[in-house]
Amino acid sequence: MLLAHLSDTHLRADALRDGPVAALHLALGRVLAVDPRPDCVVITGDLCEYGHDAYGLLRDLLARFPIPVHLVLGNHDDPDAFGRAFPGAPTRYAVDYPDAAVVVLDSRRPDGPGGLLGPDQLEWLDRTLGAKPAYVCLHHPPVAVGLPLLDAINLADAADLAAVLDRHPVVRVLAGHVHRPVTAPFGRTLVTTAPSTYRQTSLTLRADRVTGYTREPTAFLLHRDDVTHVVQVSHATPLEGAF
C-alpha cells in the first residue's frame, strides 16, 4: 500500500487565506505526480486555523481530487464547522484497503490544545483493529519529540494507546501537530509526524527559547509498508537524468 501523509494545512477564511490554500493545492498536485499514484491521502489534523471556518474551501479543493482523502481533526479544528462542510463525516473511522487498513482517531480535548483519546475511543480502537496491518492516524503524537513547547501538549494517554496497539499488527502511527518530520519508536511500532503543507515549526530544542514558525520547505511523507520517504513540495524540481 502507498499512502501520502500530509498535515497541518491551517486553512483560513480571512485576508491571509491565499497562502495556506495555495500551499495545499500545490501539495495535492505533487501527490498526483508520484508514480505510481498513492492509494490514498491522509491529512493529520489542524485542517483550519483557530476561528476560521474554511472547511468549505477544503471541501471545494478536494471535490475533484481523484484519490481518496481521509481527514483527521486536530486541536485547531472546529467539529461543528467541519460537520457543516462535510455532513455526516465521522471524526473517528476505519477504511479497509486490500493490503492495510487506515484507522482515524480524534485526539482533540475540550480543555486545551493537548491530546486525549479516552477509554471509550481506545476500546473502539481495540475492537476495530484486527489481523490486517493498519496505519493508525491521529493529530497529537504519542511521544516526546524534543521540542518542549509541543511535548507539553502531546497525547496524554499515550501509554494506554501503546497497550492497545501492541496487541495488533500496526504498520505505523501517523501524526501531525509538530509541523516537522519526526520518527520515533512507539511500543512495537513507530510514530511519524508529517511536515506542514504551509509552514514549519522552528527547531527549538530548549525551553528557554521562543518557538515560532519558519519558511522552511514544505513537504509530505510517502509511506509504503514500513518505509517512509519525504517528498518535497515547495522546493521540488523536475526529474533530472544522472550520468
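**Exercise 1.** Is Asp-126 buried, exposed or partly exposed? Identify also the salt-bridge partner of Asp-126.

*Solution.* The model is a predicted one.
Step 1. The relative accessible area of Asp-126 is 25%. A residue is buried under 20% and exposed over 50%, so Asp-126 is classed as partly exposed.
Step 2. The partner is Arg-167, and the closest N and O atoms of this salt bridge are 2.8 Å apart.
Step 3. Asp-126 belongs to helix H4, whereas Arg-167 sits in the loop between helix H6 (158-165) and strand E7 (170-175); the pair therefore ties together parts that are 41 residues apart in sequence.
Step 4. Arg-167 has a relative accessible area of 52% and is exposed.

**Exercise 2.** Which residues of helix H4 are buried, and which exposed residues does the face turned away from the buried side carry?

*Solution.* Step 1. Helix H4 spans residues 118-128, and its buried residues are Gly-118, Gln-121, Leu-122, Trp-124 and Leu-125.
Step 1. These residues lie on the same side of H4, because they cover an arc of only 155 degrees around the axis.
Step 2. On the face turned away from the buried side of H4 are the exposed residues Pro-119, Asp-120 and Arg-127.

**Exercise 3.** How many salt bridges are counted? Describe the pair formed by Asp-14 and the pair formed by Asp-60.

*Solution.* Step 1. The count is twelve salt bridges, with a side-chain nitrogen of Lys or Arg required within 4 Å of a carboxyl oxygen of Asp or Glu.
Step 1. Asp-14 is joined to Arg-12, with 2.8 Å between the closest N and O atoms. Arg-12 is buried at a relative accessible area of 14%, while Asp-14, at 26%, is partly exposed.
Step 2. Asp-60 pairs with Arg-59 at 3.3 Å, N to O. Arg-59 is partly exposed, its relative accessible area being 37%.
Step 3. A network of salt bridges links Arg-206, Asp-208 and Arg-209.

**Exercise 4.** Which residues form a negative surface patch, and where does Asp-39 lie?

*Solution.* Step 1. The patch consists of Asp-39, Asp-99, Asp-225 and Asp-226.
Step 1. Asp-39 is located in the loop between helix H1 (18-32) and strand E2 (40-44).
Step 2. Members of a patch need over 30% relative accessible area and no salt bridge; Asp-39, at 36%, is partly exposed.

Key:
Residues are numbered from 1 along each chain as its sequence is written. This is a predicted model: local features need pLDDT of at least 70, side-chain atom pairs count only at pLDDT 80 or more; totals for chains, interfaces and linings use all residues. Side-chain values use heavy atoms; hydrogens and water are left out. Patches are made of residues with over 30% relative accessible area and no salt bridge: like charges are joined within 9 Å, nonpolar side chains (Val, Leu, Ile, Met, Phe, Trp, Tyr) within 5 Å. Accessible areas come from the Shrake-Rupley method with a 1.4 Å probe; for residues, only the protein chains shown count as cover. Lys and Arg count as positive and Asp and Glu as negative; His and the chain ends are not counted. The place of a charge is taken as NZ of Lys, CZ of Arg, CG of Asp or CD of Glu. Helices (H or I, at least four residues) and strands (E, at least two) are DSSP runs, numbered from the N terminus. Buried means under 20% relative accessible area, exposed over 50%, partly exposed in between (1.4 Å probe, protein chains only). The arc is that of the directions from the helix axis to the C-beta atoms.
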